[in-house]
Amino acid sequence: MSDFLIIGGGIAGVSLAAKLAPLGSVHLVEGEGHLAYHASGRSAALYEPKYGPPPIVALSEASEEELRGAGVLSPRGLMLIAGAGDMGSFDGESAALGLDPITVDEARRLVPILSPDALHAAAYSERAWDIDTDRLVQRYARSARDQGAVIETGAQVTAIRRDALGWVVETAKGDRRAKVLINAAGAWVDRVAAMAGAAPLGCTPLRRSMARIPAPDGHDIAGWPMMFGSGEGWYAKPDAGALIVSPAEEDGMDPHDAWADDMVLAEGLARYEAMVTVPVTRLVASWAGLRTFSPDRAPVFGPDASVPDFFWCAGQGGYGFQSAPGASSFLADLIAGRATGYDAGFVKSVSPGRFA
């Protein structure tokens, strides 16, 4: 029997495994054949600590030192751009992200394909970094294993029950036992909760589609910033010599292995094309992921309100990588009964009990 059993092998579960391993025996089960298969493997992977709701901002800011120490950050920069119809949201968004206003000419020097006719306003900050997501996942997995944790893939959970000794989790590879159960199952967190006898919180998986397109007109795009259309109707980010463009949709879905919706993707690409001078002529690839949010869009970290020895690690939305170091340290402290370094208001703002 393990001290801790974590369900879910995305960045949330793997980082928590590394933080819990010094406290006792850890067993992590992941239903897919490898770690970070779903949302974690399909992330745009930007570290911008001011991006997200207040609890995410707090956890993201607390994550910076560990992310830098891990060597997973590289310079990217962030630019917000607005057309004539986007100005209503531009000022508020740029202020929330701590961006500085720049001229249209300055914006076009950063990204030469921006249309001088369509672009009405821009704001920029160099304080945004790419995250090497695979390196971070593997770093946490290696740390967990080096401390004795067991990480098991291809172990889909089929049932959960309690007996006199603790939790019994039935998986495709057999029963796994533990004293404490942590639900880090991403889009499946409410289903896992129901299996364990806990009340679902109403966590909703929202699809986000992505397209990879060739570098526009053969430009060297390595130094371009990530671009957000004001109102978040689209965003674009250089990646491995190509450009990733997303319609930034949030369409509610049942948990599943998501794929891009062609119509939604086309509409998002059209919004991107309206702001640039180079049309999209072909896609290199497309995909989608499910970003899971709680009803108030803040993450859920802590003990269930009614089921003992059952902890939630859920609702990170699209902010899982940038907040993972802080979030995993916070939850490990809660599970250990240690001081977290956060005030009571913060603890309440992420507690599952706020929905009881």
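Guide: What follows is a short talk about a cavity, a helix, the nonpolar cores and one phenylalanine. This is a predicted model, in which local features need pLDDT of at least 70 and side-chain atom pairs count only at pLDDT 80 or more, while totals for chains, interfaces and linings use all residues. Residues are numbered from 1 along each chain as its sequence is written, and side-chain values use heavy atoms, with hydrogens and water left out.

Visitor: OK, how many cavities of 30 Å³ or more are there?

Guide: The count comes to 1 cavity of 30 Å³ or more, a cavity being a set of points, on a 1 Å grid over the protein atoms alone, where a 1.4 Å probe fits but cannot get out. The largest cavity has a volume of about 60 Å³, where volume is the space filled by probe spheres set on the grid points, which are joined across faces, edges and corners.

Visitor: And what lines the largest cavity?

Guide: Its lining (residues with an atom within 4 Å of a point) includes Ile11, Leu16, Phe301, Cys313 and Gln316. Two or more residues each come from helix H1 (11-20) and helix H8 (320-336), helices being DSSP runs of H or I with at least four residues, and strands runs of E with at least two, numbered from the N terminus. The largest share, 5 residues, comes from H8.

Visitor: What is H8 like, mostly covered or mostly open?

Guide: H8 is mostly covered, with 14 of its 17 residues buried, where buried means under 20% relative accessible area, exposed over 50% and partly exposed in between, using a 1.4 Å probe and protein chains only. H8 also has a kink of about 35 degrees centred on Gly326, the bend being the angle between axes fitted to the seven residues ending at a residue and the seven starting there. Just after H8, Gly337 takes a positive phi of about 75 degrees.

Visitor: Switching topic, which residues touch the most others in the largest nonpolar core?

Guide: Of its 45 residues, Ile6, Leu20, Leu136 and Ile182 touch the most other members; such a core is a set of buried Ala, Val, Leu, Ile, Met, Phe, Trp, Tyr and Cys residues joined through side-chain atoms within 4.5 Å. Apart from it lies another core, of 31 residues, among them Ile81 and Ala236.

Visitor: And where is Phe228 found?

Guide: Phe228 is in strand S14 (residues 226-229) and is buried, with a relative accessible area of 8%. Leaving aside neighbours within four places in sequence, Phe228 is in contact (heavy atoms within 4.5 Å) with residues including Tyr51, Ile81 and Trp234.

Methods:
On a 1 Å grid over the protein atoms alone, a cavity is a set of points where a 1.4 Å probe fits but cannot get out, and a pocket is an open set with protein on both sides within 12 Å along at least five of seven lines; lining residues have an atom within 4 Å of a point.
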